[in-house]
Amino acid sequence: MKKLLFVIPSFAIGGITSSLRSLLASLDYNEVEVDIFCRQKIGPMKDAFPRAEILPENIWLSASIENGNWVKKSFFQFFKGIRVFLRMVGVDMNQVYGKIGGKQLKTDKYDVVISFHEGLSPIVCYYPAKKRVAWIHSDYSRHRAIINKDERKQYERYDTIVCVSVFARSVFTQIYPSLQGRTISIHNIIPVDDIREHSRNDTEIDERFSTDYFTIVSVGRLDPVKQFDRIPFIASSIKKITDTPFRWYIIGGARGYGEVDTFMSKAINENDVEAEVILLGEKKNVYPYVGKADLYVCTSESESFPLAVNEAKALDIPVVSNRFPSVKESLVEGRDGRIVSIDEMPELIADIMSRRIHFSGSEIDNDTPLRQFYELINLS
């Protein structure tokens with residue numbers, strides 16, 4: 001029996017939570033025992049891991065301690081002052097947090113400790129552990145541009161670094177060539193049966209959603225990289241090409257990207273597509289919407305692994321995707337859908353709408369990533 005500890009930032013709706021949920025749902029619990037430490041124990045996905053034990057808060061590692069009772073708040077404020085002083089004299093506070101907090105969590109009892117988010121890896125690397133694994137879900141060049149830090153020394157403390165695509169691995173190893181030998185790629189698992197079951201649970205579907213017209217769906221947080229702000233112009237261009245009525249539903253929350261939300265509403269009005277482009281907001285279960293769509297469209301500028309695209313494939317929904325490096329790892333041109341530039345989308349989508357073009361069908365390989373994961377934790 002292998003004891004595994006996964007460390008995540010929160011239980012918020014999103015790709016990282018979904019990919020962990022899918023991975024854990026695929027494991028053989030006669031072979032593994034799973035615990036989860038969540039830095040901020042909030043979010044609607046908290047109950048999505050029925051087979052895992054959720055560890056309690058830790059005063060060194062939990063973000064939510066700041067919002068606790070007066071004792072916790074007092075300690076946090078006192079410790080915050082010490083932290084500022086130690087940082088001024090050059091002490092690495094991540095190392096302090098990781099070593100002391102990890103010792104309190106007894107992380108050395110686990111066979112593998114897995115940092116399942118890039119933002120946590122500089123802390124988790126200091127947890128006492130038999131084996132440490134870091135997971136890279138992003139285009140790391142974008143992540144590094146945001147943090148503006150060299151994390152090579154922290155990643156050197158990991159036995160293995162897992163990237164969710166060959167593309168993501170190539171980006172990471174270009175930045176840190178010395179880590180190439182310990183960096184691998186494992187695609188996210190796509191739980192086809194589970195996705196299909198959830199797609200049939202449409203009792204709480206948004207009343208604004210209708211399939212009376214040709215239905216297009218796009219899913220993701222309102223992050224600039226998703227390029228949802230291009231959708232109103234695409235929709236306006238489609239209206240000029242064809243008379244076929246359609247609705248384009250965008251599902252996702254702002255969560256720190258409120259300016260995108262505001263800009264989207266403005267762009268919808270300016271392009272006169274208020275009836276066609278509808279912002280449904282964040283949904284805990286997106287699958288009933290995707291499963292009823294005629295077409296799934298991905299406008300992203302970049303994706304390390306386009307999870308929503310693969311979920312659309314699991315529901316046999318054809319996909320039109322923008323052309324970015326990792327998309328060919330998920331879509332086969334002409335079989336699952338089409339890969340084109342955003343500039344080509346209006347004409348292509350209008351053609352699909354008018355002629356109701358169908359694609360031959362999708363194939364999803366979960367055996368390979370599951371086998372690779374078992375190899376990673378030495379269960380093969």
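**Burial and the parallel sheet**

Biologist: Is Ser218 buried or exposed, and what is its relative accessible area?

Modeller: Ser218 is buried (under 20% relative accessible area; exposed is over 50%, partly exposed in between; 1.4 Å probe, protein chains only). The model is predicted, so local features need pLDDT of at least 70 and side-chain atom pairs count only at pLDDT 80 or more, while totals for chains, interfaces and linings use all residues. Residues are numbered from 1 along each chain as its sequence is written, and side-chain values use heavy atoms, with hydrogens and water left out. For Ser218 the relative accessible area is 0%.

Biologist: In which strand is the place of Ser218?

Modeller: Helices (H or I, at least four residues) and strands (E, at least two) are DSSP runs, numbered from the N terminus. Residues 214-219 make up strand 8. Ser218 has its place in strand 8.

Biologist: Leaving aside neighbours within four places in sequence, which residues are in contact with Ser218?

Modeller: Contact means heavy atoms within 4.5 Å. With neighbours within four places in sequence left aside, the residues touching Ser218 are Phe228, Ile231, Trp248, Tyr249, Ile250, Ile251, Tyr296 and Val297.

Biologist: What separates the C-alpha atoms of Ser218 and Pro122?

Modeller: Along the chain, Ser218 and Pro122 are 96 residues apart. Between their C-alpha atoms the separation is 33 Å.

Biologist: Which strands stand at the edges of the open sheet?

Modeller: Six strands form the open sheet with parallel pairing, in the order 10-9-8-11-12-13; two strands pair if DSSP finds at least two bridges between them. Each edge strand has a single partner strand, so one side of each is left without a neighbour in the sheet. The edges are strand 10 (277-281) and strand 13 (337-340).

Biologist: Which residue of strand 13 is the bridge partner of Ser321?

Modeller: Strand 12 (residues 319-322) runs parallel to strand 13, and four bridges join them. Within strand 13, Ser321 has as its bridge partner Ile339.

Biologist: At about what angle does helix 12 run to strand 11?

Modeller: Axes are lines fitted to C-alpha atoms, for helices over the stretch in contact, and angles run from 0 to 180 degrees between N-to-C directions. Helix 9 (residues 231-241) lies across strands 8, 9 and 10, at about 170° to strand 9. Helix 12 (residues 307-314) lies across strands 8, 11 and 12, and its angle to strand 11 is about 165°.

Biologist: What is the relative accessible area of Gln227?

Modeller: Gln227 sits in the loop between strand 8 and helix 9. Its contacts, beyond four places in sequence, are Thr299, Ser300, Glu301, Asn322 and Ile342. Gln227 is buried, with a relative accessible area of 14%.
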